Amino acid sequence: GLGFDQTQLRVAEALQLLWPDYEPMRDAIAAYRHEVGVLWQPMYFAALRAYGLVLRPGIDPDETAWAMNSMNSREFLERLAGFTLEHTDAAGNPWTLTGWNTLVILAGVCTDEDGSPVNPFDLETRLPVRPITFDV
């Protein structure tokens, strides 16, 4: 199993979809969005720094983190429904759809530190250029 009560999660997801304007649902969505910014966004951007990537000018970090987290949430729900979500790259390596599409998004919103464009095929084999560190 996934280590949690799937029924409880599914009821919460159903309520959120059926009644998104219900105040407790709005509060839960707002709390979730806040946590994405507080917990996940720093991790995403620490990883970008470690891999020598920077956001292109005009790209909003909050919107980028939202897109990556949205894919992860969608994949999670589809896996609960029993779907296998996988991309196989040209070398035959399996990727989750979230993993592969994150590379596609990053290729669009990032450049190298010197401003050179990147593409998802280069990103899939890119190694860190420095240790990962978190700004505190």
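This is a short tour of one protein chain, to follow in your viewer. The model is predicted.

**Stop 1: the whole chain**

Show the chain as a cartoon. It has five helices and four strands. Trace them along the sequence, and the order reads α-α-β-α-β-β-α-β-α. The C-alpha trace spans about 45 × 35 × 25 Å along its principal axes.

How many of the 136 residues count as buried? The share is 24%.

Next, think about contacts. Take those between residues at least 6 apart in sequence: 59% of them join residues at least 24 apart.

The chain carries 9 positive and 19 negative charges.

**Stop 2: a nonpolar patch**

Select Val-11, Leu-15, Leu-17, Leu-18, Trp-19 and Tyr-22. Together they form a nonpolar patch on the surface, with about 660 Å² of accessible area. Pick out Leu-15, which lies in helix H1 (residues 6-18).

**Stop 3**

Start with Arg-74 and Glu-78. Their closest N and O atoms are 2.9 Å apart. Both residues lie in helix H3 (residues 61-80). They are four residues apart, about one turn of the helix. Glu-78 is partly exposed, at 23% relative accessible area.

**Stop 4: Asp-112 and Arg-126**

Select these two side chains. They meet in a salt bridge, 2.5 Å from N to O. This pair links distant parts of the chain, 14 residues apart. Asp-112 sits in strand S4 (residues 110-112), and Arg-126 in the segment after helix H5 (120-123).

Is Asp-112 buried or exposed? It counts as buried, because its relative accessibility is 18% and the cut-off is under 20%. Arg-126, at 23%, is partly exposed.

**Stop 5: Glu-113 and Arg-130**

Move on to Glu-113, which forms a salt bridge with Arg-130. The closest N and O atoms are 2.7 Å apart. Here too, distant parts of the chain are linked: Glu-113 is in the loop between S4 and H5, and Arg-130 is in the segment after H5, 17 residues apart. Both ends are partly exposed: Arg-130 has a relative accessible area of 35%, and Glu-113 has 47%.

How values were computed
Residues are numbered from 1 along each chain as its sequence is written. This is a predicted model: local features need pLDDT of at least 70, side-chain atom pairs count only at pLDDT 80 or more; totals for chains, interfaces and linings use all residues. Side-chain values use heavy atoms; hydrogens and water are left out. Patches are made of residues with over 30% relative accessible area and no salt bridge: like charges are joined within 9 Å, nonpolar side chains (Val, Leu, Ile, Met, Phe, Trp, Tyr) within 5 Å. Accessible areas come from the Shrake-Rupley method with a 1.4 Å probe; for residues, only the protein chains shown count as cover. A salt bridge is a side-chain nitrogen of Lys or Arg within 4 Å of a carboxyl oxygen of Asp or Glu. Helices (H or I, at least four residues) and strands (E, at least two) are DSSP runs, numbered from the N terminus. Buried means under 20% relative accessible area, exposed over 50%, partly exposed in between (1.4 Å probe, protein chains only). Contact means heavy atoms within 4.5 Å. Lys and Arg count as positive and Asp and Glu as negative; His and the chain ends are not counted. The place of a charge is taken as NZ of Lys, CZ of Arg, CG of Asp or CD of Glu.
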